[in-house]
Amino acid sequence: VACGVFTVSALIFLFKERSHVKAKQYNFVTALMNFVAAAAYFLMALQPDPTTPEAFFGVVVGSAPDGQGSFRDLYWLRYLSWAATTPLILLDMGMLAGFDFWENFLLIVLDILMIACGYVGAAEDALEFKAFAPGMVLFVIVMFRLANGVQLAAQTDDSDDKAAKMGLLLGITVVTWACYPL
């Protein structure tokens, strides 16, 4: 179901008619983000039972030791999906807020490092909280810089409607992403 929703969304954004160059860029980034998410959900649906150590695309699923002689589930494909989609989300929001190349680049690199910390914490029981802490610090930095940039863009924009939409989009992103570690 999720694969279908993301695919339809991607197609809508891909073929949405926009004459303005910036609108096309937003649509293409959003379409790409949805295509990546659709592919990830499709591949996760093909995954064998994650509780058994079966090979899936050359990687053993459920291969993370739990420190007690057995294995815990490790959904590595989810981390790969996040490493591809969340930078696109940040790029989309950064483009909407008018960030320059370097501000977008900084947010994307910090985001990928944040996801890497989460993966290490999930894969290595002994590093679970040692990797979680820097990941959360990176999360706070990304959200803070994003919020400041969106707020600044909202203050300099003449349109109250655009400022309200950007604030709503930022709020949804912060709340949704804050729930992931839980």
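So, cavities: a search of the whole structure turns up 1 cavity of 30 Å³ or more. By cavity I mean a set of points, on a 1 Å grid over the protein atoms alone, where a 1.4 Å probe fits but cannot get out. Its volume is the space filled by probe spheres set on the points, with grid points joined across faces, edges and corners. In general, rolling a probe the size of a water molecule over the atoms shows where empty space is left.

Before I go on, please keep in mind that this is a predicted model, where local features need pLDDT of at least 70, side-chain atom pairs count only at pLDDT 80 or more, and totals for chains, interfaces and linings use all residues. Residues are numbered from 1 along each chain as its sequence is written, and side-chain values use heavy atoms, with hydrogens and water left out.

The largest cavity holds about 30 Å³ of space, and around it sit Met-93, Leu-96, Ala-97, Val-150, Met-166 and Leu-169; lining residues have an atom within 4 Å of a point. Helices H3 and H6 each supply at least two residues of that lining, with H3 giving the most, 3 residues. Helices here are DSSP runs of H or I with at least four residues, strands are runs of E with at least two, and both are numbered from the N terminus. What is the lining of the largest cavity like by class? It has 6 nonpolar residues, no polar and no charged ones. For those classes, Ala, Val, Leu, Ile, Met, Phe, Trp, Tyr, Cys and Pro count as nonpolar, Asp, Glu, Lys and Arg as charged, and the others, Gly among them, as polar.

Now for the pockets. A pocket is an open set of points with protein on both sides within 12 Å along at least five of seven lines. The largest pocket contains about 1500 Å³ of space. It is lined by 48 residues, and the closest to its centre are Trp-82, Thr-86, Thr-176, Trp-177 and Tyr-180. Which helices each bring at least two residues to this lining? They are H1 (2-15), H2 (21-46), H3 (76-97), H4 (101-123), H5 (128-156) and H6 (160-179). H3 has the largest share, 10 residues. By class, the lining of the largest pocket has 29 nonpolar, 11 polar and 8 charged residues.

The second largest pocket has about 180 Å³ of space. Leu-96, Lys-162, Lys-165, Met-166 and Leu-169 line it, and H6 gives the most, with 4 residues. That lining comes out as 3 nonpolar, no polar and 2 charged. If you look back at the cavity, Leu-96, Met-166 and Leu-169 are among its lining residues too.

Let me step back to the whole chain. There are 6 helices and 4 strands, running α-α-β-β-β-β-α-α-α-α from the N terminus on. Of the 182 residues, 35% count as buried, where buried is under 20% relative accessible area, exposed is over 50%, and partly exposed is in between, using a 1.4 Å probe and protein chains only.

Contact, by the way, means heavy atoms within 4.5 Å.

H5 has 29 residues that should span 42 Å, and its end C-alpha atoms are 42 Å apart, which agrees. Among its buried residues are Gly-135, Leu-138, Phe-139, Val-142 and Val-150, and the buried residues of H5 pack against H3, H4 and H6.

Finally, two single residues. Phe-13 is in helix H1 and is partly exposed, at 27% relative accessible area. Leaving aside neighbours within four places in sequence, Phe-13 contacts Asn-27, Thr-30, Ala-31 and Asn-34. Not counting residues up to four places away in sequence, Asn-104 touches Leu-90, Leu-91, Gly-94, Met-95 and Phe-99.

Terms used
Expected span 1.5 Å × (residues − 1).
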